[in-house]
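Hi there,

Here is the structure I promised to pass on to you. Have a look at it first, and then read on for what turned up.

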Amino acid sequence: MKKLIINGQHELTGEIKISGAKNSVVALIPAAILSDDNVTLYNVPNISDTLALIDIIKLLNGKVEYENETMKIDTSQIENKVVPENLSKKLRASYYFMGALLGKFHYAEIYFPGGCNIGSRPIDFHINGFKKLGAEVTIEGNKYIFKANKLKGARIYLDFASVGATINIMLAAVKAEGTTYISNAAKEPEIVNIASLLNNMGAKISGAGTSEIKIEGVNHLHSGVIDVIPDRIEAGTYTIIGALLGKNLKISGIIEEHIDALLSKLKEMGVDMIIDDNDIIINHPKEYKPINVKTLVFPGFATDLGQPMSVLLTQADGMSIFEETIYENRMGHIKYLQKMGANIRVNDRTAIIIGKTPLKGEEVVATDLRAGAAMVIAGLIAKGTTTVNEIDHILRGYENIVEKLQNVGADIKTIEE
Ligand code: EPZ
C-alpha cells in the first residue's frame with residue numbers, strides 16, 4: 001500500500017509547472033474514437049486516469065503512442081466492443097465511451113463507471129439525452145446497452161448544468177442527422193476544450209462555454225489535433241498551498257480566468273499574488289481574514305477546490321463557512337482535519353470552520369481525490385509528521401505531485417508498505 005510521509009512547516013520557493021487538465025483529457029481520449037483517422041493530443045498528463053483510458057482505447061483496437069505528454073491515437077481500425085467492468089470501474093469518465101460509441105456506431109455496451117465516492121452520482125441526464133437523440137437504453141445487471149437505428153438531432157434541456165452530461169450528449173450528437181441544441185449546458189473550460197477538438201475533426205459545434213450549445217450533425221470526422229488546457233484544479237490546489245507556505249513561489253502555465261473565483265476569494269483573505277500572463281507568484285501572508293466559500297458551477301467557485309480550500313480556512317482568524325452545493329458528500333476530509341487539531345463543525349453540506357488552529361501531524365486517509373489533496377495541504381502546514389494513506393486517489397489527478405512539491409522544498413516522500 002502506497003503512503004505519503006510529510007514533515008510540515010517548510011516554506012516553499014521555486015516553480016511549479018501546471019500539467020494538462022485531468023477533466024479534459026478524460027473526455028478528449030474517448031472523443032478521439034469518433035475520428036475515422038487519427039487524433040493527436042498535446043500536454044497530456046501522465047496520471048492513472050490517462051493510463052486507464054488508454055487501456056480501453058486499445059481494447060477497441062485503437063493504436064496509442066504516448067510519450068513526453070504527446071499522445072497519438074490511430075482510430076482508423078476502431079471496433080465496437082463491450083467495455084468490461086474491470087476497466088469501466090477504474091474511473092467515472094469511462095462513461096464518455098457511451099456517447100462516443102453511440103455516436104460512432106449507434107450501439108454501445110459498457111459497464112457502470114467508477115469514480116470518487118462523493119455522492120450518488122447518477123447519470124440520468126446522460127441517459128435522457130441519449131434517449132432524446134433516439135437511442136434505446138437498457139440495463140443488464142451492471143451493464144448499460146445503448147442502441148439506435150439512427151440518431152436524430154433534438155432539443156435537450158439539462159435540469160442541472162452537468163459537465164459530464166453536456167460532454168456525453170455532444171459526443172452522441174456530433175454525427176446525428178440534423179441539429180441538436182443543449183440548453184442549460186455546463187460552461188466549464190473543459191467543455192470548450194472538447195468542442196475545439198471535435199470542430200478540428202470537422203464537427204460543427206457552436207456555443208461551447210455558454211449555456212446554449214448548438215451541434216449540427218456531420219457525416220464524417222477526420223483527423224484532429226488539440227492542446228489539453230492547463231488543469232485549473234491542480235493550479236488552484238498549488239495556489240492554495242502557495243497562499244499557506246509560498247515564498248516567491250511561482251505557479252506557471254495557468255489560465256487566470258479559469259481560477260478567477262479562487263483568486264478573488266484568496267484576495268478577500270488578504271493573500272497577495274502577482275499575476276503575470278500565465279504565471280502566479282505568491283508569498284504567504286502572516287495572517288488570513290475569515291471568509292465564506294460556496295461551491296457552484298463554473299464560473300463560480302469550483303467544487304473540486306472546496307476541500308483544499310477548507311484547509312486554508314482553518315488558518316484564518318475567526319469563523320469561516322464552507323458550503324458544498326454540487327455533491328452530497330464532500331466532507332470526507334473533515335474528520336481527519338479535526339484529528340489534526342482543526343475546529344470544524346459539519347452540518348450536512350456546510351462546514352463551520354473556526355481558526356486559527358495550528359495543525360499537528362497525524363495518520364490520515366485520502367477518502368477521495370480532492371480530500372487527498374486536502375490531506376497533503378494539511379500535512380504541509382502541520383507541525384510534525386503526517387502519514388497519508390490510500391494515496392492512489394491522489395495520483396489519479398495530480399501528475400508528479402511528490403516531485404513537484406519536493407522541487408520547491410517540501411519534505412514529502414512516497415513509501416510502499
Ligand atoms: C465532472 O464530474 C468532474 N469529473 C468532477 O471532478 C467535477 O467535480 C464535476 O464535473 C463538476 O465540475 C470529470 O470531469 C471526470 P456533473 P461530473 O455531471 O461530470 C449530479 C474531480 O475531483 N448529476 O457536473 O460527474 C451529480 O451527481 C471530479 O476531478 C446527476 O444528478 O459532474 C452531481 O451532484 C470530482 N445526474 C452534480 O450533478 C447526472 O446525470 C454535478 O455533476 C449527472 C450529474
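How many residues surround the ligand, and which are the closest? The shell holds 23 residues, and the closest are Arg92, Asp124, Ser162, Asp304 and Ile326. Please keep in mind as you read that this is a predicted model.

**The ligand site**

The side chain of aspartate 124 places a polar atom 2.6 Å from a nitrogen atom of the ligand. Tyrosine 95 contributes through its side chain, with an N or O atom 2.9 Å from an oxygen atom of the ligand. As for burial, the ligand taken alone exposes 820 Å², and the protein buries 92% of that.

The ligand sits in the largest pocket. Helix H1 (22-32), helix H5 (124-132), helix H6 (163-173) and helix H12 (369-381) are the elements that give two or more residues to the shell around it. By residue class, the shell has 11 nonpolar, five polar and seven charged members.

**Backbone points to check**

Most peptide bonds are trans, and most residues other than glycine have a negative phi. With that in mind, here are some exceptions.

- Phenylalanine 298 and proline 299 are joined by a cis peptide bond, with omega near 10°. Proline 299 belongs to the loop between strand E17 (292-294) and helix H10 (306-313).
- The bond from glycine 355 to lysine 356 is also cis, and its omega is about 0°. Here lysine 356 is part of the loop that runs between strand E20 (350-355) and strand E21 (363-365).
- Glutamine 9 is a residue other than glycine with a positive phi, near 75°. You will find glutamine 9 in the loop between strand E1 (2-7) and strand E2 (12-17).

That is everything from my side for now.

Best wishes

Notes: Residues are numbered from 1 along each chain as its sequence is written. This is a predicted model: local features need pLDDT of at least 70, side-chain atom pairs count only at pLDDT 80 or more; totals for chains, interfaces and linings use all residues. Side-chain values use heavy atoms; hydrogens and water are left out. A residue is near a molecule or strand if one of its heavy atoms lies within 4 Å of it. A polar contact is a pair of N or O atoms within 3.5 Å; within protein, one must be able to donate a hydrogen and the other to accept it, and residues adjacent in sequence count only if both atoms are side-chain atoms. Accessible areas come from the Shrake-Rupley method with a 1.4 Å probe; for residues, only the protein chains shown count as cover. On a 1 Å grid over the protein atoms alone, a cavity is a set of points where a 1.4 Å probe fits but cannot get out, and a pocket is an open set with protein on both sides within 12 Å along at least five of seven lines; lining residues have an atom within 4 Å of a point. A molecule sits in a cavity or pocket if more than half of its atoms lie within 2 Å of its grid points. Helices (H or I, at least four residues) and strands (E, at least two) are DSSP runs, numbered from the N terminus. Ala, Val, Leu, Ile, Met, Phe, Trp, Tyr, Cys and Pro count as nonpolar, Asp, Glu, Lys and Arg as charged, and the others, Gly among them, as polar.
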